[in-house]
Amino acid sequence: MAFIHLDIRCLYTLLLCTAFGSTLSSNAEIKVNPPQDFEIVDPGYLGYLYLQWQPPLSLDNFKECTVEYELKYRNIGSASWKTIITKNLHYKDGFDLNKGVEAKIHTLLLGQCTNGSEVQSSWSEATYWISPQGNLETKIQDMDCVYYNWQHLLCSWKPGMCVHSDTNYNLFYWYEGLDHVLQCADYIKANGKNIGCMFPYLESSDCKDFYICVNGSSESQVIRPSYFIFQLQNIVKPLPPDYLSLTVKNSEEINLKWSIPKGPIPAKCFIYEIEFTEDDTAWVTTTVENEIYITRTSNESHELCFLVRSKVNIYCSDDGIWSEWSDEQCWKGDTWKETLIFFMIPLAFVSLLVLLITCLILYKQKNLLKTIFHTKKEASSNQVIQC
């Protein structure tokens, strides 16, 4: 009996191994080729590149399967890859052309033809870079772009460190929606050289990558170009709030209020920073409303002041630039005393002046009456003597 049980178990194990082995063998035989003709194409949009490929060979055997592509790409030197899974044969994205670009792609199979498991091809790889021209020190320095009040874009820069006096720079830009790259039409100049650009109204440019290239020209040296990518809503600098008011509600509570900055920025897009000063104590707080209530630290406060600035908040951008500070608004305690003193001093002066004038008039009138009295008396005496 023991031999019979042993044989049954051996037979069962043999059947399992045979079935599992046949499954492995079946899946092991399924192979798919990587995509063909994988390349990175530069259409001349200052960093907006096309990644494109062709289907792998021998796809006719996998008509019942879903064919997808896993694409990974990054700027050379970046810490992480961006990953996209797509059924298309192309993908577009923006890259920093100051650095090289690398990408890789492979084919994914999933479906009935693979018994429900995922089959991957080997990787196809591609790279792209712009051959560096000119010394690194000839690039512009301190590029600064600000989108003032979500209306007017202004960019400025400083010349490279090692450039000759005949060097001048030119700015080119592009964003999705433009047919071609445009050059700055309104340069900011210093000593006859371009040091910035004031852009015209940029229609439908928000929430898109905005590509800029600043290159240079010189008869005596090659100037290295600089590339930049912005999203305009992330470099907005609003106007400061105005029409500030400070109201002491009672012995403890203070109401601070200000108007929403003028311009096209929606009210919901603002965050405010308030700097509040009570006598010699100051602190800063933030709010998304254009009004805030603050508790006084002392009922003996003699002066309360605040000022406020604004920025586009995280609901409308990834980042922003703080506006300038508003004018300061203050409240001073015991103002009735100051008002009383303010009015009493001139009033006292006027009263004293009136009193002096009155006394002088009375004094003159008294002297005049005395003179008249003595004159009449002398006339009366002369009449008695004549009789």
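The model is predicted, and local features need pLDDT of at least 70, side-chain atom pairs count only at pLDDT 80 or more, and totals for chains, interfaces and linings use all residues. Residues are numbered from 1 along each chain as its sequence is written, and side-chain values use heavy atoms, with hydrogens and water left out.

A pocket is here an open set of points on a 1 Å grid over the protein atoms alone, where a 1.4 Å probe fits, with protein on both sides within 12 Å along at least five of seven lines, and lining residues have an atom within 4 Å of a point. The second largest pocket has a volume of about 170 Å³, a volume being the space filled by probe spheres set on grid points joined across faces, edges and corners. The strands β3 (65-75) and β5 (90-94) each supply at least two residues of its lining, strands being DSSP runs (E, at least two residues) numbered from the N terminus. By class, this lining has three nonpolar, four polar and five charged residues, where Ala, Val, Leu, Ile, Met, Phe, Trp, Tyr, Cys and Pro count as nonpolar, Asp, Glu, Lys and Arg as charged, and the others, Gly among them, as polar.

The largest pocket has a volume of about 260 Å³ and is lined by 14 residues, of which Leu-97, Asn-98, Ile-130, Pro-132 and Arg-224 lie nearest its centre. Since domain 1 (36-128) and domain 2 (136-236) both give residues to the lining, the largest pocket lies between them; the domain bounds come from an automatic or database domain assignment.

The largest nonpolar core has 43 residues, and those with the most contacts inside it include Leu-153, Phe-199 and Phe-210. Such a core is a set of buried Ala, Val, Leu, Ile, Met, Phe, Trp, Tyr and Cys residues joined through side-chain atoms within 4.5 Å, buried meaning under 20% relative accessible area and exposed over 50% (1.4 Å probe, protein chains only). Domain 2 (136-236) and domain 3 (239-336) both contribute residues, so this core lies between them. Apart from it lies another core, of 30 residues, among them Leu-49 and Val-119.

Most residues other than glycine have a negative phi. Trp-150, however, has a positive phi of about 60° and is buried, with a relative accessible area of 16%, whereas Tyr-243, with a positive phi of about 55°, is exposed at 63%.

Methods: Helix = DSSP H or I, 4+ residues; strand = E, 2+ residues; numbered from the N terminus.
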